[in-house]
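Here is a short briefing on one protein chain. Look at the sequence and the model first, then read the points below.

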Amino acid sequence: RRNGAKSATTKKESMEYTRSTVAGVAGAVLVPVAAVWMVSAAGFGSAGIVASSWAAKWMSAQALANGGAIAAGSQISILQSIGAAGLPFTAKAVLGLIGGATTSACCWFAK
């Protein structure tokens, strides 16, 4: 019986490791995809900012505040770059690491 109880504990721990690993991989894949999707959903498209979108309203407000110009390196220009060309590899890697670690940890501690 002692060996049986020890075996059951080992199986339970193995399932927890597996569950946490699967959640981590899913988070590592889905978080960068979700980030690009959210940028696109806000109105930052591959052909430019979509008319009447949230991005268009934000761009208009920022242009009015800056005398008609959008500054290079501003949040709008960065998001438009992501909308047009996607995330650079480094950003995908960082978001993947953060997403994977977060979902894995959440799954591990949600026992």
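Buried means under 20% relative accessible area, exposed means over 50%, and partly exposed lies in between (1.4 Å probe, protein chains only). At 17% relative accessibility, glutamine 62 therefore counts as buried. This is a predicted model: local features need pLDDT of at least 70, side-chain atom pairs count only at pLDDT 80 or more, and totals for chains, interfaces and linings use all residues. Residues are numbered from 1 along each chain as its sequence is written, and side-chain values use heavy atoms, with hydrogens and water left out.

**Helix α2 and its residues**

- Helices (H or I, at least four residues) and strands (E, at least two) are DSSP runs, numbered from the N terminus.
- Glutamine 62 lies in helix α2.
- Contact means heavy atoms within 4.5 Å.
- Leaving aside neighbours within four places in sequence, glutamine 62 is in contact with Ala69, Ile70, Ser74, Gln75 and Ile76.
- Alanine 63 is also found in helix α2.
- Alanine 63 is buried, because its relative accessible area is 16%.
- Not counting residues up to four places away in sequence, alanine 63 touches Gly68, Ala69 and Ile70.

**How α2 meets α3**

- The two helices α2 and α3 pack at an angle of about 145 degrees, and their axes are 10 Å apart.
- Here axes are lines fitted to C-alpha atoms, for helices over the stretch in contact, and angles run from 0 to 180 degrees between N-to-C directions.
- The crossing of α2 past α3 is left-handed.
- A crossing is left-handed if the near helix is turned anticlockwise from the far one by less than a right angle, and right-handed if clockwise.
- On the α2 side, the contact is made by Trp58, Met59 and Gln62, and on the α3 side by Gln75, Ile76 and Leu79.
- The residues of the contact of α2 with α3 divide into four nonpolar, two polar and no charged.
- In this count Ala, Val, Leu, Ile, Met, Phe, Trp, Tyr, Cys and Pro are nonpolar, Asp, Glu, Lys and Arg are charged, and the others, Gly among them, are polar.

**The nonpolar core**

- A nonpolar core is a set of buried Ala, Val, Leu, Ile, Met, Phe, Trp, Tyr and Cys residues joined through side-chain atoms within 4.5 Å.
- The largest one has eight residues: Ala35, Val39, Ala42, Phe44, Ala55, Ile76, Ile82 and Leu87.
- At least two residues of this core come from each of α1 and α3 (75–85).
- Helix α1 gives the largest share of this core, three residues.
- Isoleucine 82 is in contact with Val39 and Leu87, leaving aside its neighbours within four places in sequence.
- In soluble globular proteins, nonpolar side chains tend to be buried together.

**Aromatic pairs**

- Rings of Phe, Tyr and Trp (its six-membered ring) pair if their centres lie within 6.5 Å; planes under 30 degrees apart count as stacked, over 60 as edge-to-face and the rest as tilted.
- By this rule there are three aromatic pairs.
- One of them is stacked: tyrosine 17 and tryptophan 108 are 5.2 Å centre to centre, with 15 degrees between the planes.
- This pair links distant parts of the chain, 91 residues apart: tyrosine 17 is in helix α1 (residues 2–42) and tryptophan 108 is in helix α4 (residues 89–109).
- Tryptophan 108 has a relative accessible area of 23%, so it is partly exposed.
- The rings of phenylalanine 44 and tryptophan 58 have centres 6.4 Å apart and planes at 85 degrees, so this pair is edge-to-face.
- Phenylalanine 44 sits in strand β1 (residues 44–45) and tryptophan 58 in helix α2 (residues 54–65), 14 residues apart.
- Phenylalanine 44 is buried, with a relative accessible area of 1%, whereas tryptophan 58 is partly exposed at 26%.
- One aromatic cluster is formed by Phe44, Trp54 and Trp58.

**Two loop serines**

- Serine 46 is in the loop between β1 and β2.
- Serine 46 counts as exposed, because its relative accessibility is 63%.
- The C-alpha atoms of serine 46 and alanine 84 are separated by 3.7 Å, although the two residues are 38 residues apart along the chain.
- Serine 52 is in the loop between β2 (48–49) and α2.
- Serine 52 is exposed, with a relative accessible area of 68%.
- Most residues other than glycine have a negative phi.
- Serine 52 is not a glycine, yet its phi is positive, at about 65 degrees.
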